[in-house]
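Hello,

I am passing this structure on to you, as promised. Please open it alongside this message and have a look around before reading on.

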Amino acid sequence: GSGFWTARMTAVKVIGKYLWLLAWPRTLSCDYSYDQIPMVTWRFNTWEDLKALIALASVIVVIAVAIRNYRRNRALPFFILLFFGTFLPTSNLLFIIGSIMAERFMYLPSIGFAGCVVIAIFALCRRLLPQSAIDSNRSRLASPHVVAGGALGLVVLVYGARAYNRNLDWEDDVQLWTQAVQACPDSFKTHKSLAYALYERDQQKNPPDFSDIDRIVEEAEKARAVIDRKPLPPLYRTSIVNLHRGAYDRIKGDLLTLSNPDAARHWYQKSVEALKDAVVSDQAFNEDNRKKELARGRVPDQIQDVGNQEVYGNLGLSYLRLGQYQDALNAYFSMRHLSPTNPDAYLNIASIYLSGGRAEEAAVFLVQALLIDSGREEALRALADIYRKIDPNGCAVIMSEGKPHLNADCAIVHNHLCSSSYALAEVFIETKQFDLARQMEQTAVRNYHCPAELFQKLKTTSTKP
């Protein structure tokens with residue numbers, strides 16, 4: 001989102017950071033996301049801006065050394081070229097790659113760097129220990145090659161110890177991201193990932209007790225604080241931060257429901273606000289994707305809406321905790337729009353209708369969930385309970401081997417199968433998934449003997465390429 005020259009000058013500053021890490025890898029991190037490396041402001045009145053000038057000067061000096069030694073010592077310009085040649089694709093100088101800095105980008109360039117170090121140390125030893133002085137003293141231990149080899153051996157030992165120590169940080173996700181937070185406290189992703197690692201660790205307990213919930217919430221808040229430092233367009237205010245934060249806030253509220261209902265409601269409200277912010281970012285991402293697809297020449301009617309369905313699923317849950325059923329219903333319909341083949345969206349909608357006493361409408365959505373995934377036993381059990389209440393003839397549910405099964409020959413089940421198939425085909429057309437709409441129609445007509453004319457008004461839309 002930055003200007004061309006600002007992006008490139010910041011990329012030059014990052015080159016300086018890479019060179020410093022290669023020379024002195026004291027602090028390493030698996031992540032350098034926003035805003036660990038601030039963009040260059042061109043005022044050059046801060047240390048971060050001055051780093052860009054120092055890095056630029058260093059790059060110029062290195063290139064000058066390569067040119068000067070082109071004929072004297074061709075190994076040196078070769079290794080310098082190897083460094084920059086293998087680094088350029090991920091440097092953000094030629095084109096923006098979407099990652100401002102990552103230590104893995106130095107794997108190949110480090111070979112060129114190592115070659116330059118070897119040449120430099122041997123050259124330094126030859127200069128400090130002239131061969132004539134060695135010959136006069138007849139001391140082979142003080143020869144430039146021996147001293148240089150010893151110095152390089154010491155470097156290998158020290159760097160090997162650092163590598164061994166770094167491996168301990170990769171023991172598990174909590175340890176890795178704890179270290180990353182310490183190394184890069186201004187990155188939103190280190191805090192977000194640490195919160196999620198703690199959440200996953202709590203989830204693995206049987207049963208989950210969320211004993212780390214306060215620390216989880218704290219790290220999620222820190223991730224959000226990084227995003228809030230500067231005014232960013234919604235597109236760049238990553239929705240995943242607010243998605244996780246909203247989920248953690250809801251868990252915090254659940255833990256307080258019995259002991260402090262007022263505090264629990266406060267956390268539920270915080271959860272909703274965070275998730276609503278995530279919706280804004282998610283919609284901005286969808287709009288940006290649509291513009292890109294139009295620029296590629298796509299027909300508007302063929303461009304599907306994209307987004308993170310989990311945002312709306314979590315928002316629906318938080319609204320339910322507050323008793324705001326219509327808002328929860330709207331969130332689940334948005335979830336269905338983004339993922340029309342996810343049976344969870346239909347089950348969630350059905351649960352709200354059931355809680356409101358609207359059993360007939362709930363039955364239609366439960367049937368839709370089964371049409372998408374026939375293995376959803378919870379949908380089948382809920383549907384069987386509904387039919388026992390609303391089926392006057394008692395033919396809707398057949399018990400077989402102790403399990404309920406739907407009787408497709410029963411009039412009420414047949415009607416629900418046909419109306420649900422039509423509604424699903426309608427959803428697939430709305431979401432630009434025309435092949436699925438045609439398949440739904442064919443299945444309904446052939447397998448459930450639904451009247452073909454029921455789908456006639458969908459024909460003109462569902463046959464779009």
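Predicted model: local features only at pLDDT ≥ 70, side-chain atom pairs only at ≥ 80, totals over all residues.

Residues are numbered from 1 along each chain as its sequence is written, and side-chain values use heavy atoms, with hydrogens and water left out. Helices are DSSP runs of H or I with at least four residues, numbered from the N terminus.

Let's begin with a helix pair. Helix H8 (residues 188–203) packs against helix H9 (residues 213–228) at an angle of about 160°, and their axes are 8 Å apart. Here axes are lines fitted to C-alpha atoms over the stretch in contact, and angles run from 0 to 180 degrees between N-to-C directions. H8 and H9 are therefore roughly antiparallel, a label for angles over 145 degrees. Residues that make this contact (heavy atoms within 4.5 Å) include Phe188, Leu194 and Leu198 of H8 and Ile216, Ala220 and Ile227 of H9. By class, the contact has eleven nonpolar, one polar and five charged residues. Nonpolar here covers Ala, Val, Leu, Ile, Met, Phe, Trp, Tyr, Cys and Pro; charged covers Asp, Glu, Lys and Arg; the others, Gly among them, are polar.

H6 (residues 144–167) has 24 residues and reaches 34 Å from its first C-alpha to its last, close to the 34 Å expected; the expected span is 1.5 Å times one less than the number of residues. Its buried residues (under 20% relative accessible area, with a 1.4 Å probe and protein chains only) are Pro144, Ala148, Leu152, Arg162 and Arg166. In H17 (residues 411–430), 14 of the 20 residues are buried, so this helix is largely enclosed by the rest of the structure. After H17 comes Lys432, which has a positive phi, near 65°.

Finally, the two residues. Ile251 lies in helix H10 (residues 239–256) and is buried, with a relative accessible area of 11%. Leaving aside neighbours within four places in sequence, Ile251 is in contact with Tyr199, Phe210 and Ile213. Asp282, placed in helix H11 (residues 261–295), is also buried, with a relative accessible area of 4%. With neighbours within four places in sequence again left aside, the contacts of Asp282 include Ser239, Asn308 and Tyr312.

Notes:
Helix = DSSP H or I, 4+ residues; strand = E, 2+ residues; numbered from the N terminus. Parallel < 35°, antiparallel > 145°, perpendicular 65-115°, else oblique. Buried < 20%, exposed > 50% of the residue type's maximum accessible area, 1.4 Å probe, protein only.
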